[in-house]
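Have a look at the structure first, then work through each task and compare your steps with the solution.

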Amino acid sequence: MSGPRAPVPGARLGVGLAVRLLPTRRDRERYYCEFVAELYGMPPGTQLRQVVGMVSQPFALRAALGAARFRGIEEGLMEATVPAGQRFRCRYLRWHHWQTIGTPDGERYVACSVCKTDHSGWGGANRNTLGGMAG
Amino acid sequence: MTIPTQLVLEALLADPERELYGVEIGDLATLRSGTVHPILARLEAVGWLRSRWEDIDPRSEGRPPRRYYRLTAEGARAAQDALARAYRPSPTLRLRPQVGEA
């Protein structure tokens, strides 16, 4: 791409580190794209200062997104009482009850309707699913 | 409400119709990106803000699209109310002895 100055490799690396701690892959992808786009056109020194700001407070963004996600799930799902057996399967056996959930801005993601864990991909860590996609 | 949140809301309320991206908001609020984005995420989660990807052709612009934020109508009203309250400490707080007072 020609035009505004692209982020220097160090800045891209820093952004990658800054978003690593975010709770879901969707968040990581979104904020990586957002942060990189914001760096375009800045001088390298400013880019690096900006990235230091991002890297210095990853837990704040993680906490903010976690709170938002929890609220979204609470609104998206019916306030059903979860049986103890289902909670046990989620917590200890990792048998989740996946459900597609919509966010207010129209995006969709998959999370367990019981324990609120975000799905990390079908080939990823959460391989033990009970009944696959529910909904 | 924290001071950084007040600064972000003031920046957005300066022109509620205008869409701003993270760095612009940070510049207006004199805050770093690491401080601004968590606040934006929280404000968006409570419905005070709406965000969208910029609708551009990255090839012609030479850069990827930015994420733009804008106050919702409800958010602008709520932010004004919240800022008005934030700037007026309650009588209880005003009467509380300050550190260092005899």
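**Exercise 1.** In what order do the 3 strands of the open sheet in chain B stand?

*Solution.* Before starting, note that this is a predicted model, in which local features need pLDDT of at least 70, side-chain atom pairs count only at pLDDT 80 or more, and totals for chains, interfaces and linings use all residues. Residues are numbered from 1 along each chain as its sequence is written, chains are lettered from A and ligands numbered from 1 in the order in which they are written, and side-chain values use heavy atoms, with hydrogens and water left out.

Step 1: Strands here are DSSP runs of E with at least two residues, helices are runs of H or I with at least four, and both are numbered from the N terminus. Two strands pair if DSSP finds at least two bridges between them.

Step 2: Strand β1 (residues 20-21) of chain B is joined to β3(B) by 2 bridges, and the two run antiparallel. Within this pair, L20(B) lies opposite Y69(B).

Step 3: Strand β2 (residues 49-53) of chain B pairs with β3(B) over 5 bridges, again in the antiparallel sense. Here L49(B) faces L71(B).

Step 4: Put together, the order is β1-β3-β2 in chain B, with antiparallel pairing. β1 and β2 of chain B are the edge strands, each with a single partner, so one side of each has no neighbour in the sheet.

**Exercise 2.** How many of the 5 residues of strand β3 (residues 67-71) of chain B are buried?

*Solution.* Buried means under 20% relative accessible area, exposed over 50%, and partly exposed in between (1.4 Å probe, protein chains only). By this rule, 4 of the 5 residues of β3(B) are buried, and the strand is mostly covered.

**Exercise 3.** Describe how chain A and chain B meet.

*Solution.* Step 1: Using contact (heavy atoms within 4.5 Å), we find 28 residues from chain A and 25 residues from chain B.

Step 1: The buried area is the accessible area (1.4 Å probe) that two parts lose on being put together, summed over both. Between these chains it is about 2100 Å², with 59% given by carbon and sulfur atoms.

Step 2: Look for a salt bridge (a side-chain nitrogen of Lys or Arg within 4 Å of a carboxyl oxygen of Asp or Glu). The count between chain A and chain B is 1. R30(A) forms a salt bridge with E44(B), their closest N and O atoms being 3.8 Å apart.
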